[in-house]
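Hi,

Here is the structure I promised to pass on. Have a look, and my notes follow below.

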Amino acid sequence: EALVISTAHLEGSEKHPYSGQHLSTSDIISTVEFNHTGELLATGDKGGRVVIFQREQESKNQPHRRGEYNVYSTFQSHEPEFDYLKSLEIEEKINKIRWLPQQNAAYFLLSTNDKTVKLWKVSERDKRPEGYNLKDEDGRLRDPSMITMLRVPVLRPMDLMVEATPRRVFANAHTYHINSISVNSDYETYMSADDLRINLWNFEITNQSFNIVDIKPANMEELTEVITAAEFHPHHCNTFVYSSSKGTIRLCDMRASALCDRHSKFFEEPEDPSNRSFFSEIISSISDVKFSHSGRYIMTRDYLTVKVWDLNMENRPIETYQVHDYLRSKLCSLYENDCIFDKFECVWNGSDSVIMTGSYNNFFRMFDRNTKRDVTLEASRENSKPRAILKPRKVCVGGKRRKDEISVDSLDFSKKILHTAWHPSENIIAVAATNNLYIFQDKVN
Amino acid sequence: MGEEEGLHQTQLLDTMFVRGLKRKCFDGEEDIEGTLAGFKAIPSYNLQRQSLLDMSLVKLQLCHMLVEPNLCRSVLIANTVRQIQEEMTQDGTWQMINTQSAGQTSLDRLVSTDILCRSSKEQAEGKLVPVYSTFAKDCEGTQSQDNSEIMSTVTSPQVPRNLQSNMWEMENPQENRGNFQKSLDQIFETLENKSPNTVEDLFSEVDNSYYDLDTVLTGMMSNTKMGHCDLETFPSQTSANSNSNCKSDLNELDHIVEILVES
């Protein structure tokens, strides 16, 4: 049943305040992802750690603590490595986390750094065996000569323990830096994409992968374009898309050939000659691509805009939303300080009616595709208190600045929101602001 | 400055970019008839564009000094450099330079420019590896085929020239060498005139002009702002242009390169 969401609710008001949570971590958060039910929220950070939050069961006794997220499990997913051949460090930073759909009591997720993908199993243990014959309760071995009778160990309850174990390590398949992983709808395979290649894996096989896209030129001097993101279609297990640094999206069908170098569809918007500058290509580079839940649309994020494309129309997007067009006149400064290379992600809400993406100054933006309304919100400690009202923010581009507005020159470009996530069915969003995680919940009754 | 006015400026500047009106102005004397704003804008556009080129080249060099270069960023910067150089070729900015540097394709000069484009680690090892081969070198460690390509680059003195022409993928391979020489020479000019001790100094010098670079290159400018883009504010670049950029004294060049790579 599709959930109709109106932006008014998300803005918060006296009648519909927000409940906000704010968690501070020691490392910069580098990825955020809800699982398929929204019960769990995983974050990965620059230190290679994964923290999983679990939503509290709603209780009638404490209605105001409606479904807060608490820490469920923390584990070290990746460690820093050293590539001796190239004398280069391999960062442990978690680039992406993707959940597998739940098939039994345990939870499974994929986490990846620049080079290695790992499959983690997260499971609960609330019983333990007691009454071993050969060792006593402390684990010390018993003297066999002292054993006079045999007993069968029994399971006794214990305090809940959540353990994470690495079940598969998919290594040594990427020469370049992995930017995306995507679980296929067949739940048997997944893909990992780096700057120049995309590989297809079977979850059970770690020593082999199929290369399905390779855009590396024979002569590296001829390299002018890289892969920036990739994703499987949510329902068709043969279809995937990948985006490029030249602002193009290619849709590929794995049934057509083993190596999907020839695309089935090619999405590109013709360039607007009036907006052309030396930075045109850089700002057209796509930093994220996401299928809608319906599978009918794809959304892309480039430096200044978010675009929605209909899979049936390749020559231009059906919708374009300006995220922070006031930066268009600042592109040279942003090139100089490297901000122009920031990779913002974008997300759909559960019903594909609202899209969200981050900006600078800890601002994030939401666009309602139906009403065409948009809102700028800020992730800050002030508005993440329990009954906070998220006030819309506005950036003033010139002329007189109103009281609550902030001028473009006052924006803090070190406070960037690159990673956000939206609960699969409810109005709950997770926003990562450097080393802070904000969770906002709509309190519509 | 209203938004409409800014937009008109954008259109004016973009029209100039497209139609190459700069060529006319660059000859100098003929354009006295032009509007004051136009006259001031066009040469400063060239200087601004040159600054952007210099900044991009420095960024490319800096990204080789990092642990592992971000390939996407490097490719985007390199594409920007190529774009600038193509435009400069089209509007004839390169012509003056090429006539002087034609024939002076000595290996020594190429060695100097290569030094700028490789990491300090490689400099220590004394390898001859042009920019993109360094991409390849940084990124490819495991495939023997690629290693043999790079090895041939290192051993053959002829190869760097060809690789440079491939790198920029332009129609005229003769021009390519000149182009690359010229832009790096201008960096050396800047260094010599301002005597920075480190690459950071170079970068910070370049810093001041970019506020204006913003406004010019992204097209939202008012007349008053263009006043700031007078030639007077770019003394070193002005003299560089008038000195015709031909560095034939290799000792000086080596000295400058030493300063540059010292950091």
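A definition before anything else: I call a residue buried at under 20% relative accessible area, exposed at over 50%, and partly exposed in between (1.4 Å probe, protein chains only). Mind that this is a predicted model, where local features need pLDDT of at least 70, side-chain atom pairs count only at pLDDT 80 or more, and totals for chains, interfaces and linings use all residues. Residues are numbered from 1 along each chain as its sequence is written, chains are lettered from A and ligands numbered from 1 in the order in which they are written, and side-chain values use heavy atoms, with hydrogens and water left out.

Chain A has 32 strands and 3 helices (DSSP runs numbered from the N terminus: E, at least two residues, for strands; H or I, at least four, for helices). Its radius of gyration is 24 Å, close to the 22 Å of the globule rule for 445 residues, so chain A is as compact as a globular protein of that length (C-alpha atoms; the rule is 2.2 Å times the number of residues to the power 0.38). The C-alpha trace spans about 90 × 60 × 45 Å along its principal axes, and 54% of the 445 residues count as buried.

M366(A) sits opposite V375(A) of β27(A). Between the two strands are 5 residues, and K372(A) in the turn has a positive phi of about 65°. Strand β27(A), residues 374–378, is mostly covered, with 4 of its 5 residues buried.

Cheers

Technical notes:
Two strands pair if DSSP finds at least two bridges between them.
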